[in-house]
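Student: Could we go through this protein together, one question at a time? I would like to see how each answer is reached.

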Amino acid sequence: MCIGFPGKIISINENNIAVIDVGGTQREACLDILDEPAAAGDYVICHAGFAIHKVDEDLAQEKLTL
């Protein structure tokens with residue numbers, strides 16, 4: 001079973017690696033396979049160290065409460 005989790009992008013470095021906040025814990029995620037540009041403040045679904053999909057804040061917050 002694969003689990004993706006939503007996180008808020010805090011910063012992005014020059015190698016396209018984002019620091020994301022997931023419920024108060026910071027992790028790194030590669031943005032290379034996203035199908036649209038992302039910036040600090042955006043929410044993304046992450047899996048296995050990669051951001052795989054950009055989502056809106058309402059959906060991300062809903063999933064985080066589950």
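Student: What percentage of the 66 residues of the protein count as buried?
Tutor: This is a predicted model, in which local features need pLDDT of at least 70 and side-chain atom pairs count only at pLDDT 80 or more, while totals for chains, interfaces and linings use all residues. Residues are numbered from 1 along each chain as its sequence is written, and side-chain values use heavy atoms, with hydrogens and water left out. Buried means under 20% relative accessible area, exposed over 50%, and partly exposed in between, with a 1.4 Å probe and protein chains only. Of the 66 residues, the share that counts as buried is 24%.

Student: Which residues are linked in a network of salt bridges?
Tutor: A salt bridge is a side-chain nitrogen of Lys or Arg within 4 Å of a carboxyl oxygen of Asp or Glu. The side chains of E36 and K54 form one at 3.8 Å, N to O, joining the loop between β3 (25–30) and β4 (43–47) to strand β5 (residues 50–55). K54 also pairs with D42 at 3.4 Å, N to O, and these two are twelve residues apart. The network therefore consists of E36, D42 and K54.

Student: Is D42 buried or partly exposed?
Tutor: The relative accessibility of D42 is 21%. Because of this value, D42 counts as partly exposed.

Note on methods. Helices (H or I, at least four residues) and strands (E, at least two) are DSSP runs, numbered from the N terminus.
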